Amino acid sequence: MEGKTSSFKIILGSSSIARRKILADMGYEFTTMTADIDEKAIRKEKPEELVMALAEAKADVIISKLQSTDNHEKDAESTVLVAADTADAILGWLPTGDCTKDAESTLLITCDQVVVYEGVVREKPSSKEEARQFLKDYSGGHAATVGSVLVTNLKTGLRKGGWDRVEIYFNEIPDDVIEKLVEEGIVLNVAGGLIIEHPLILPFVKEVVGTTDSVMGLPKAITVKLIKEVV
């Protein structure tokens, strides 16, 4: 794969198991980093504008975080930084100074995703009750995911972004399945409580108009395209 033969490193700014799996499937080796922002403080009328604004906010926070590290080690390779949803758990960290010292060869990639149901934007459920209602709404109906990817070249300042929308149609989801998903808790950590790859929900997914990797939070095609555009 391209990621295994390229000269850059990758840092994934997400605790999302799905995003880690997608990135690994693309052939990349990576460590992780987080971008802690107040997502509720950023509001836009359109979901496409919202996810792009959130991706930009995450990029700005991570750039500031990198600039505050000590510059003690030179990294001769290009660095690709993938930062996605905010997370409390930091899965890994770049050795101090690597990115800021070699900023001329660093790419920063940030992402965000929301679910749209009947024209209303849905982010992560705030409670089990809300997650349960979200899933009941999807039963026998449909929702869409809108996800963004933003790539910034830290040397030139060139920043390219894009978004992707996927429509998901569901068959009726039994109440006991919904309860198992809610009690398990994973749906509380994803946009709109929607996680189509989960073995409990997968049998009730009727149709996906778009790509599964986009629904899971990291559209492969857009990610690769934007990296090439800013290098």
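Helix H5 is among the elements that cover the buried residues of helix H6 in this predicted model. Helix H6 spans residues 175-184, and its buried residues are Val 177, Ile 178, Leu 181 and Val 182. These residues lie on the same side of H6, because they cover an arc of only 130° around the helix axis. After helix H6 comes Gly 185, which has a positive phi, near 95°.

Helix H5, at residues 128-138, also has the highest mean pLDDT among the elements of the protein, at 97, whereas helix H1, at residues 2-5, has the lowest, at 46. Over the protein the pLDDT averages 81, and 78% of the residues score at least 70.

| Stretch | pLDDT | Contacts in the model |
|---|---|---|
| Residues 70-76 | below 50 | 20 contacts, beyond near neighbours in sequence |
| Residues 85-104 | under 50 | 66 contacts, beyond four places in sequence |

The protein as a whole has 8 helices and 8 strands, and buried residues make up 52% of its 231 residues. Of the contacts in the protein with a separation of 6 or more, 76% are accounted for by residues 24 or more positions apart. Ala 35 sits in the loop between strand S2 (31-32) and helix H3 (47-67). This alanine counts as buried because its relative accessible area is 0%, and the cut-off for a buried residue is under 20%.

Empty space inside the model can also be examined, since rolling a probe the size of a water molecule over the atoms shows where such space is left. The count comes to 1 cavity of 30 Å³ or more, and the largest cavity holds about 40 Å³ of space. Its lining is formed by Leu 135, Tyr 138, Phe 170, Ile 173, Gly 193, Leu 194, Ile 195 and Ile 201. By residue class, the lining of the largest cavity divides into 7 nonpolar residues and 1 polar residue, with no charged residue.

Notes
Residues numbered from 1 in each chain as written. Predicted model: local features only at pLDDT ≥ 70, side-chain atom pairs only at ≥ 80, totals over all residues. Heavy atoms only, no water. pLDDT = per-residue confidence, 0-100. Helix = DSSP H or I, 4+ residues; strand = E, 2+ residues; numbered from the N terminus. Contact = heavy atoms within 4.5 Å. Buried < 20%, exposed > 50% of the residue type's maximum accessible area, 1.4 Å probe, protein only. Arc of directions from axis to C-beta. 1 Å grid on protein atoms, 1.4 Å probe; cavity = no way out; pocket = protein on both sides within 12 Å on 5 of 7 lines; lining within 4 Å. Points joined across faces, edges and corners; volume = space filled by probe spheres on them. Nonpolar A, V, L, I, M, F, W, Y, C, P; charged D, E, K, R; others polar.
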